[in-house]
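Please examine the structure below together with the short briefing that follows.

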Amino acid sequence: MKQHKKALVVWVGAVLVLLAGALLAGSSGRTESVQETMRDAVLHEVNQVGLFGLREVNPGMISALLVTAFLLLAAACIRLFAIPRFRYRPGRLQMVLEEAVGLFDGMARGGSPHRCGFLGAYIFAAGAYIFVGTLFELLGVQAVTVHGHPITLPAPLSDVNAAIALGTLSYLVILSGGIAGNGVKGVGKTLKEFSLPISMSFRLFGALLSGLLVTELVYYYVNLSYVLPVLVGVLFTLLHALIQTYVLTMLVSMYYGEVSEQSAPKGKKKKVNAEIN
Amino acid sequence: MPLNIDLQQILLHWMNLAILTGGLYFLLFKPVKAFMVKREEHYRSLDEEAAARLAEAEKIKAECQAKLEEADEEIRQERAKAQQAIQQSTEDQLAQAKEQARQIVVHAQAEAEHSRERVLRDSQRELRKLAAQATKKLAFHADPFDQFLDLAEEGEEYEE
């Protein structure tokens with residue numbers, strides 16, 4: 001009991017010291033109004049970041065590259081150190097990995113049972129990207145804009161270009177499934193869903209952007225920066241990550257299965273209809 | 001472009017996603033899935049092996065059961081045979097005993113008859129002998145009445 005009390009006292013003391021430090025340090029002053037901050041969070045017209053000195057890009061692009069680098073590095077480490085030690089009776093990490101792979105593979109099989117090899121790999125990567133990318137904004141990784149202002153890197157998909165890229169790429173994947181399954185007919189089937197890339201892109205963008213705007217708004221005012229971010233920042237972001245991952249992967253597998261499914265020949269259809277009548 | 005949509009950045013994102021998809025497929029998805037398939041195969045082979053062993057065990061059990069039934073039938077038949085033999089033997093012994101008893105009775109009857117005839121013959125012979133002696137005494141002694149009485153007493157003693 002005494003040890004618990006001591007730890008509690010130390011913890012409360014540390015919190016108070018940090019609070020006092022934050023209040024005493026003050027801030028360097030706002031560089032932009034809340035309107036400008038919100039506008040820039042949507043459009044990224046002002047706070048652009050240099051991409052290896054080649055050109056100016058939205059901060060979301062840097063986030064996307066960092067997320068990809070992190071995922072590939074983690075995958076490489078797992079491939080080198082964890083997968084060779086896999087056992088028939090799995091440990092915790094193995095169970096998590098198998099569960100993740102099995103989840104997306106099962107989703108692909110469920111949505112498109114006749115053709116699911118590539119689809120499983122794609123929705124696995126897309127799911128990992130959306131989930132980790134959304135959680136990325138919790139880290140608060142800092143970057144410096146081309147104008148020298150520090151900014152916190154947002155979730156990659158809160159950048160409209162990233163959302164459009166993922167939406168259109170998913171649409172292309174669906175189109176490829178249609179071509180592989182039905183040839184020219186598959187193209188027609190896919191083109192019928194012409195609104196799909198727009199809806200997928202802006203669904204992702206809207207969902208991620210709303211989270212970003214709320215977070216920006218909360219952090220803009222110091223008084224809102226206590227306790228509230230725990231709910232707004234962590235829980236909402238987790239919820240977003242899960243929902244958006246599920247929605248996009250489910251939609252892609254469903255549409256992929258729909259367009260790649262080989263339709264019965266017309267003669268047979270007529271015959272079936274005649275039998276029904 | 002409206003909303004700061006930039007085609008070049010979209011293409012960069014595509015490239016990024018393509019790299020990510022390929023990388024995750026080769027580094028994570030494929031090996032993990034391959035391991036899962038391998039494990040599934042392993043457990044399927046174990047399952048098939050167990051099923052084959054079970055089938056073999058069932059077959060052996062059925063064979064043993066058949067042999068047991070065969071043995072039971074054999075035992076039952078042997079028991080019936082043994083019971084029949086015992087029954088037969090008992091009947092034979094009984095018949096033999098009856099035959100022996102009958103022979104004993106016949107023999108005893110014959111012997112009794114023979115004894116009776118012999119006794120009868122002996123007694124007749126004795127009577128004849130007594131009668132001859134009495135006659136002889138009557139013929140040669142003075143008081144025939146007393147002699148007769150003496151002879152009669154002697155004859156009673158002899159019979160006793």
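A salt bridge is a side-chain nitrogen of Lys or Arg within 4 Å of a carboxyl oxygen of Asp or Glu. The side chains of B:Arg39 and A:Glu98 form such a salt bridge, at 2.5 Å from N to O. This is a predicted model, in which local features need pLDDT of at least 70 and side-chain atom pairs count only at pLDDT 80 or more, while totals for chains, interfaces and linings use all residues. Residues are numbered from 1 along each chain as its sequence is written, chains are lettered from A in the order in which they are written, and side-chain values use heavy atoms, with hydrogens and water left out.

**The interface**
- Across the interface of chain B and chain A, the rule finds 3 salt bridges.
- On the side of chain B that touches chain A, the residues divide into 19 nonpolar, 8 polar and 4 charged; Ala, Val, Leu, Ile, Met, Phe, Trp, Tyr, Cys and Pro count as nonpolar, Asp, Glu, Lys and Arg as charged, and the others, Gly among them, as polar.
- Contact (heavy atoms within 4.5 Å) joins 31 residues of chain B to 50 residues of chain A.

**A:Asn161**
- A:Asn161 lies in helix H6 (residues 160-182) of chain A; helices are DSSP runs (H or I, at least four residues), numbered from the N terminus.
- A:Asn161 is buried, with a relative accessible area of 0%; buried means under 20% relative accessible area, exposed over 50%, and partly exposed in between (1.4 Å probe, protein chains only).
- Leaving aside neighbours within four places in sequence, the residues in contact with A:Asn161 include A:Asn58, B:Asp6 and B:His13.

**B:Glu41**
- B:Glu41 belongs to helix H1 (residues 7-140) of chain B.
- B:Glu41 is partly exposed, at a relative accessible area of 42%.

Notes
Helices (H or I, at least four residues) and strands (E, at least two) are DSSP runs, numbered from the N terminus.
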